[in-house]
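User: Could you take a close look at one helix in this model for me, and then show me how it compares with a helix pair and a strand residue elsewhere?

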Amino acid sequence: MPRIYPLEKTRNIGIIAHIDAGKTTTTERILYYTGISYKIGEVHEGTTVTDWMPQERERGITITSAAVTCFWTQSYLKKTEDKEEKIKGEYKINIVDTPGHVDFTAEVERSLRVLDGAVVVFDGVQGVEAQSETVWYQADKYKVPRICFINKLDRIGADFEFCLKSIEERLTKDAVLLTLPIGQEEHFRGVIDLILMKEVYFEGDKGEKVVYKDIDSSLQKEAEKWREILLEKLAERNEEFMEKYFSHSFTVEDIRQAIRRATLNYNFIPIFVGSALNNKGIQLLLDGVVDFLPSPLDLPAPKGIDPLTNQTIERKPIDEEPFSALVFKIQVDPYVGTLSYLRVYSGTLKTGMTVLNTTTGENLRVGRIARMHANNREEIEELFAGDIGAIVGVKTLKTGDTLSDPKKPIVYEKIEFAEPVIWMKVEPKTKTDQEKMGLAIKALVDEDPTFKLTQDPDTGDTLIGGMGELHLEIKVDRLKREFNVEVNVGKPQVAYLETVTKEGVAEGKYIRQSGGRGQYGHVWLKVEPLERGKGFEFINAIKGGIIPDNFIPSVEKGVKEAIEKGVLAGYPIRDIRVTLFDGSYHEVDSSDIAFKIAGAIALQEAVKQANPILLEPIMKVEVVIPQEFLGDVTGDLSSRRAKIEEIFDRGMTKVIRAKVPLAEMFGYVTVLRSLTQGRGTSIMEFYNYEPLPLVLAENIIGNRRVNAK
């Protein structure tokens with residue numbers, strides 16, 4: 001079947017924002033105005049398309065990213081020198097609605113990795129909030145062009161100029177208004193299109209009718225001021241437009257083209273305004289998506305590694321190239337099994353094709369392909385370059401795997417995810433639950449790279465790990481509802497780490513002789529600290545074959561297993577460089593297992609000499625409270641070992657930003673409600689690991705040793 005929508009008219013975008021900024025409501029309006037939904041779903045009614053999980057509908061938050069496809073026909077006035085005419089163009093838009101809560105930030109990370117553009121939604125009262133910054137910098141990391149939507153301008157306290165200022169001060173100086181609100185709060189009734197210089201109103205029961213009018217004289221001066229700012233910013237970023245600007249010879253189309261070029265160059269961010277809930281401004285936002293965000297052809301060709309030559313190669317994003325795709329999400333569907341979401345970067349994928357998983361080297365046959373509409377599937381025969389879809393029923397794929405033509409392999413860069421910062425003990429309630437629990441948790445682990453399963457080496461308890469209390473609470477709830485597994489849970493535990501603070505050198509020997517062939521492994525290792533957050537690095541410095549090359553991987557394997565068990569209190573060791581620099585072997589008795597054990601022995605001894613310490617997770621915390629509670633809340637935070645970094649005003653509220661150890665923040669939401677008569681809110685996300693004070697470290701080490709006995 002031939003491609004229906006050309007690549008230049010395809011857009012792959014994500015909707016990203018802080019929690020409660022209105023992402024899902026905005027997505028619902030987009031689906032309604034593009035004709036995908038015949039009825040607008042509401043978050044507060046639990047009737048939205050993209051928030052389909054029971055946990056999402058009950059809590060009114062997005063937990064998992066949802067992919068939907070819609071089609072938009074532009075419809076706006078194009079002003080030329082002598083006439084006005086309607087122009088139309090049909091576009092295919094693949095949308096991923098992402099979570100706003102920080103516990104589910106991995107969903108944003110993996111979505112942005114495969115998307116070409118993003119719409120960043122801001123609360124018109126709050127402006128830039130904590131998670132707004134996080135998702136913004138995630139988009140920066142992947143060089144994702146974006147447009148902004150200042151939402152909720154009909155709410156009490158709404159202030160678009162405050163929002164604009166907060167974007168400029170906290171995120172970027174490149175954000176520029178393209179639409180101006182007509183009135184604010186209860187007086188918000190429409191917008192001014194600063195490109196066309198027209199008032200725009202959204203009439204009809206659902207705001208579906210877009211009406212353009214001449215600008216009223218009372219608004220003309222304000223509109224001209226903001227349009228001049230827009231034109232000046234464009235002239236600064238585009239020499240061709242600068243000449244037209246100074247000679248006053250530009251058209252509306254010149255403005256649009258200049259905005260598009262600057263947006264694709266990452267030095268211009270268009271801002272639209274409106275109210276998604278009250279159906280104002282979404283159609284212009286959609287026009288902005290197709291006018292200013294990139295098609296797959298507008299971006300550099302994706303690069304990867306040729307596994308046969310280890311050279312960097314690229315694939316042009318066209319159907320005629322060899323097939324390549326990246327798996328960015330795994331979802332377990334109770335009816336069809338595993339759904340593997342993928343972005344096709346080049347070539348085409350057809351049902352019945354055999355493709356190579358270049359990450360694992362496995363060939364697999366593609367039986368069924370689906371285009372996803374949240375939790376509904378539309379089975380299709382083919383995915384083209386630039387498409388987002390899912391392979392149905394393949395259990396072996398993992399997030400971050402590359403699929404390619406077996407004859408033209410390529411490996412794309414994997415998606416990196418944060419390690420868990422919190423662990424919780426789980427145990428099955430009955431023997432039946434025990435039999436099902438392992439498989440159920442494995443399915444959830446396969447879905448979510450930030451959700452982990454391990455066993456406490458001291459007690460043998462089963463532990464699940466994640467990014468926060470809500471993250472684990474949702475997983476336990478899913479075990480019950482989706483997998484019919486009842487579990488008892490323990491108190492949350494902090495995910496401490498161990499590291500070294502100086503260099504340490506040690507020998508590891510494993511020699512066994514008990515008749516017949518023995519075992520002989522002998523290594524010398526040096527350990528030294530790495531910069532915080534760098535993880536683990538292994539260096540082979542063996543020269544002259546004093547240890548044969550075939551035993552080096554075994555030494556590294558032994559080292560890796562040893563660092564997971566720790567030295568001080570059984571916590572994983574991180575931010576450490578391990579250098580294998582000496583040793584010896586026996587021609588008959590040396591073996592892989594002997595060198596693996598020798599590596600583990602040497603690692604433990606070297607770490608003991610390198611002044612090991614405990615690290616604790618530090619959280620970035622933002623607390624929003626009424627002014628009168630500032631003293632009580634800051635006092636409470638200080639008692640939790642918080643480092644308060646700034647206190648500032650946001651509208652009628654005070655915002656406190658602090659770095660606080662996770663160990664001090666369990667149950668904080670309840671305490672904050674008590675201190676502020678239920679009016680305070682907080683958000684917390686992982687920041688980094690820092691050394692744990694010695695007195696606290698000694699207590700934890702002592703307790704772990706007691707439990708081990």
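Analyst: Happy to. In helix 10, Asp433, Met437, Ala440, Ile441, Ala443, Leu444, Asp446 and Glu447 are buried, meaning under 20% relative accessible area, with exposed over 50% and partly exposed in between (1.4 Å probe, protein chains only). This is a predicted model, where local features need pLDDT of at least 70, side-chain atom pairs count only at pLDDT 80 or more, and totals for chains, interfaces and linings use all residues. Residues are numbered from 1 along each chain as its sequence is written, and side-chain values use heavy atoms, with hydrogens and water left out.

Helix 10 covers residues 431–447, 17 residues in total, and spans 25 Å from its first C-alpha to its last, close to the 24 Å expected at 1.5 Å a residue. Helix 10 also has a kink of about 35 degrees, centred on Met437, and Met437 is one of its buried residues. The bend at a residue is the angle between axes fitted to the seven residues ending there and the seven starting there.

For the helix pair, the axes of helix 1 (residues 23–33) and helix 9 (residues 282–292) come within 10 Å and cross at roughly 85 degrees. That makes the two roughly perpendicular, a term for 65 to 115 degrees. Thr26, Arg29, Ile30 and Tyr33 of helix 1 meet Ile282, Gln283, Leu285 and Leu286 of helix 9, with contact meaning heavy atoms within 4.5 Å.

Finally, Ala175 lies in strand 8 (residues 175–177) and counts as buried at 3% relative accessibility. Its contacts include Leu164 and Ile271.

Definitions and conventions
Helices (H or I, at least four residues) and strands (E, at least two) are DSSP runs, numbered from the N terminus. The expected span of a helix is 1.5 Å times one less than its number of residues. Axes are lines fitted to C-alpha atoms, for helices over the stretch in contact, and angles run from 0 to 180 degrees between N-to-C directions. Angles under 35 degrees count as roughly parallel, over 145 as roughly antiparallel, 65 to 115 as roughly perpendicular and the rest as oblique. Lists of a residue's contacts leave out its neighbours within four places in sequence.
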